[in-house]
Amino acid sequence: MRRDTKPAVVVTALGMLGLAAFGSGAADAADGNTVSGSSTRVTAEPVSWNHGTAQLNKRIMQRFTSEFLPTGDPALARKFISPDIVMHFGGQTQQGRETYLDIVAANMKAFPDLKWTVEDMRAEGDTVAIRYTMTGTHEGPFAGVEGTGKKIHAESFAFYRLSRGKIVEERAQLDMLSILQQMGAIPSAA
């Protein structure tokens, strides 16, 4: 081995050890951290030291979306949501896990078959971004509109900030225009 290539080999080996410490090849491949079928090559993407935190937060949010969102279970809320969570949506800021649970319960009453499907999830540092599809049947009051029996389908984006394994802040944007149009509350664009 030529003398001038040794530093590159050492850096590549250290990079691989760092990646191995933060997850399996399959999990990393799903996030684009490997190159085309190879779990032993390092990509040109820089490896940050907070990669482990981001991946842990992503796993927490995968559990949040698969375990808590379908049920709204208060016991699970205590597991995933900080008592002092701050929520930003609809031009408002609200605070507290109990308020969060009230919002989830109201949504489930309005759409008893409510389903949030994760379309995409990205994590960096203490923040996880999720793109959802929301589906359900409008059976109860929502946004001042009594139940219509109409099926809805809408997109939503949310950014969650986590600290010590719990969600401490959520910034969400739901496509309310589409929902109100589908419910018949406002006219659809022609």
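This tour moves through the model from its overall fold to its nonpolar cores and then to its aromatic pairs.

The model is predicted, so local features require pLDDT of at least 70 and side-chain atom pairs pLDDT 80 or more, whereas totals for chains, interfaces and linings use all residues. Residues are numbered from 1 along each chain as its sequence is written, and side-chain values use heavy atoms, with hydrogens and water left out.

Read from the N terminus, the order of elements is α-α-α-α-β-β-α-β-β-β-β-α. Of the 190 residues, 35% count as buried, where buried means under 20% relative accessible area, exposed over 50% and partly exposed in between (1.4 Å probe, protein chains only).

Next select Met 61, Phe 64, Phe 68, Ile 81, Tyr 100, Tyr 160 and Ile 167, which touch the most other members of the 23-residue largest nonpolar core; such a core is a set of buried Ala, Val, Leu, Ile, Met, Phe, Trp, Tyr and Cys residues joined through side-chain atoms within 4.5 Å. Among the elements that each supply at least two residues of this core are helix 4 (74–80), strand 1 (81–89) and strand 6 (166–174), while helix 3 gives the most, with four residues. A second, separate core has eleven residues, including Ala 110, Phe 111, Leu 114 and Met 183.

Now colour the aromatic rings. The structure holds six aromatic pairs, in which ring centres of Phe, Tyr and Trp (its six-membered ring) lie within 6.5 Å, with planes under 30 degrees apart counted as stacked, over 60 as edge-to-face and the rest as tilted. Select Phe 111 and Phe 142 to see an edge-to-face pair, 5.0 Å centre to centre with 70° between the planes. Phe 111 lies in the loop between helix 5 (97–110) and strand 3 (115–124), and Phe 142 in the loop between strand 4 (127–137) and strand 5 (151–163), 31 residues apart. Phe 111 is buried at 0% relative accessibility, and Phe 142 is buried at 10%.

Move on to Trp 116 and Tyr 132, another edge-to-face pair, at 5.4 Å centre to centre and 65° between the planes. Trp 116 lies in strand 3 and Tyr 132 in strand 4, so the pair ties together parts 16 residues apart in sequence. Trp 116 is partly exposed at 23% relative accessible area, whereas Tyr 132 is buried at 2%.

Finish with Phe 64, Phe 68, Phe 80, Tyr 100 and Tyr 160, which ring pairs link into a cluster.
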